[in-house]
Amino acid sequence: MTTTPSGPRAGRREWIGLGVLLLPLLLVSMDVSVLYFAVPFISRDLEPSSTQQLWIFDVYGFVLAGLLITMGSLGDRIGRRRLLLIGAASFSLASLGAAYSHSAGQLIATRAVLGVAGATLMPSTLALIRNMFHDEKQRRTAIAIWTGATTGGIALGPVLSGFLLGHFWWGSVFLINVPFMLMLLTLAPALVPEFRAPRAGRFDLLGSLLSLGAVLPVIYGIKEIAANGVSAERSAYIAAGIVVGGLFLLRQVRSDHPMIDLKLFRSRGFTGSVLMNAIAMFAIVGFAIFTTQYLQSVMGMSPMTAALWSLVPSLGIGAIAPLTGALVQHFDRAYIAGAGFLLGCAGFCMLTQLHAQSHIWVVLVGAGIYASGLVMVMTIGGELIMGAVPPERAGAAAAVVETGTEFGGALGMAVLGSIGAAIYRSDLASKAPHGLPSGVLSTARDTLGGAVTVSHQLPGHTGGSLLTAARDAFAHGMNVAAIGAAVLMLAAAAMTVTFLRGLRIETAQSQENEAESPELIGSAF
């Protein structure tokens, strides 16, 4: 494989600065999942309605996804470090507000503010890596660490939540954010360089509103379909978001200073890498719910025990950064990313053999294999994008990457979750004990958790038979969803090798000198 010259190498200050940037990244990732164990405590103290409880869960992710493009563009204009610090201060204040909320409405509002602040932090951290690491090899390692921290934070959230709730009140799951954000506010000015695009132009407020109006309805519609099935109303949300998205793109084409330079999408390297990352997140997020439910409801673990065991697959991710770096020295990145998808396929194939009586290591090893492969894919994708995009476009590019992964995760939950749910309901309808009251059967068919609950309310043999049938049905649904994920991984591997083969990353200096030539991005040999 032909190599390109490297830029100036980063020193100790930049690597320490990277550690500082991981603080907000971990916290924003953990806030997606930190409420998993806190809901019963919040319900007892704040007495939210069922609708309010859903919004307490979802409003953070909705607002975060909807504002990523806006905040990436804003950081390019006012300075990425400045936006990072503003976001950290806002995240701290919102965390305090959430921790001491006295009503469900107040908690929903503060969770929304946390989403706004989180949207400032994620694209800023990735874009600043582009400014701090000009050497190709070092940047690759930094992005691998960034990717691992993103996925690791989601896994750590439930564990941290379980520990804090075992010793403190529910507000502590938010309060833990404050000291880490204060550390960021103290260290970042000295260790993280500032960067703003020299010719970014005025901020486009209407474009920002259109981007929000495009992303929010689509994400909301997809998540509603994942939870409750397809309906005309939920499909209408997605359609409305697509229409507004078309208006947003039209405005970007006509704007002298667009929030997103659509010329970037002419590059197969940029477009292919964004799609590659979205597919990886589709599989990771879409299958995570199966693993969690399997550990808790099939194997009968407590939530805290299940959360601790779910950390085991993350252990292999630590070896991915050096392995990916070593492979890139000798092979085309497209082949390495394709191999990552094939590794993901192998992990999912292993999970097609899972059944209700399987040993715990079957699910953990299978999950570890596919997670390691997909983190390798996301590392290569992030490197291709950040290495190819000139520094002044890094904030908007990082926002596109993050928005793509949010869509990928939501689609994964909808598609894989729907496959598993359909098989579960079909199997349980045919295998459940005869003579069950219709209400009991209906509750059991809705979710595995419902089946576990009602099985304990039935006479011994009947309850045990229902529980066994439900667990077998869930495992079968998990098998079929794993088959779907494995097929997708094979298709993604073929697409990656075909679409991205021969791409190279231009040197930092050539990008900076020729930033007005987007054709350089992802140019082929």
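**View 1. Overall confidence and make-up of the predicted model.** The mean pLDDT of the protein is 79, and 88% of its residues reach 70 or more. Here pLDDT is the predictor's confidence in each residue, from 0 to 100. This is a predicted model, so local features are reported at pLDDT of at least 70 and side-chain atom pairs at 80 or more, while totals for chains, interfaces and linings use all residues. Residues are numbered from 1 along each chain as its sequence is written, and side-chain values use heavy atoms, leaving out hydrogens and water.

The secondary structure comes to 20 helices and 0 strands. Both kinds of element are DSSP runs, numbered from the N terminus: helices are H or I with at least four residues, and strands are E with at least two. Buried residues make up 56% of the 525 residues. Buried means under 20% relative accessible area, exposed means over 50%, and partly exposed lies in between, with a 1.4 Å probe and protein chains only. Take the contacts between residues at least 6 apart in sequence: 82% of them join residues at least 24 apart. A contact means heavy atoms within 4.5 Å.

**View 2. Where confidence is lowest and highest.** Helix α20 (residues 508-513) has the lowest confidence, at a mean of 41. Helix α14 has the highest, at 91. Over residues 1-5, pLDDT stays under 50. The model has 12 contacts beyond four places in sequence for these residues. Over residues 507-525 the pLDDT is also below 50. That stretch has 46 contacts in the model beyond near neighbours in sequence.

**View 3. Aromatic rings around Phe348.** The structure holds 10 aromatic pairs. Rings of Phe, Tyr and Trp (its six-membered ring) pair if their centres lie within 6.5 Å; planes under 30 degrees apart count as stacked, over 60 as edge-to-face and the rest as tilted. The rings of Phe287 and Phe348 have centres 5.3 Å apart and planes at 70 degrees, so this pair is edge-to-face. Phe287 sits in helix α11 (residues 268-298) and Phe348 in helix α14 (residues 333-351), so the pair ties together parts 61 residues apart in sequence. Phe287 is buried, because its relative accessibility is 0%. Phe348 is buried too, with a relative accessible area of 0%.

Phe348 also pairs with Tyr370. This second pair is stacked: 4.3 Å centre to centre, with 10 degrees between the planes. Tyr370 lies in helix α15 (residues 360-388) and Phe348 in α14, so their pair ties together parts 22 residues apart in sequence. Like Phe348, Tyr370 is buried. One aromatic cluster is formed by Phe287, Phe290, Phe348, Tyr370 and Phe474.

**View 4. The second largest pocket.** About 720 Å³ of space lies in this pocket. On a 1 Å grid over the protein atoms alone, a pocket is an open set of points with protein on both sides within 12 Å along at least five of seven lines, whereas a cavity is a set where a 1.4 Å probe fits but cannot get out; lining residues have an atom within 4 Å of a point. Grid points are joined across faces, edges and corners, and the volume is the space filled by probe spheres set on the points.

The second largest pocket is lined by 27 residues. Phe265, Val400, Thr403, Gly404 and Phe407 lie nearest its centre. Helices α9 (205-228), α10 (232-254), α11 and α16 (394-431) each supply at least two lining residues. α10 gives the most, with 7 residues. The lining divides into 19 nonpolar, 8 polar and no charged residues. Ala, Val, Leu, Ile, Met, Phe, Trp, Tyr, Cys and Pro count as nonpolar, Asp, Glu, Lys and Arg as charged, and the others, Gly among them, as polar.

**View 5. Glu47 in a loop.** Glu47 is found in the loop between α2 (39-46) and α3 (50-78). Glu47 is not a glycine, yet has a positive phi of about 50 degrees. At 64% relative accessibility, Glu47 is exposed.

View 6. Leu216 lies in helix α9. Its relative accessibility is 26%, so Leu216 counts as partly exposed. Leu216 and Ala65 are 151 residues apart in sequence, but 7.2 Å apart in space, C-alpha to C-alpha. Leaving aside neighbours within four places in sequence, Leu216 is in contact with Phe62, Val63 and Gly66.

**View 7. Thr496 and its contacts.** Thr496 belongs to helix α19 (residues 460-500). Thr496 counts as buried, at 0% relative accessibility. Not counting residues up to four places away in sequence, Thr496 touches Met276, Ala334, Ala337, Gly338, Phe341 and Arg501.
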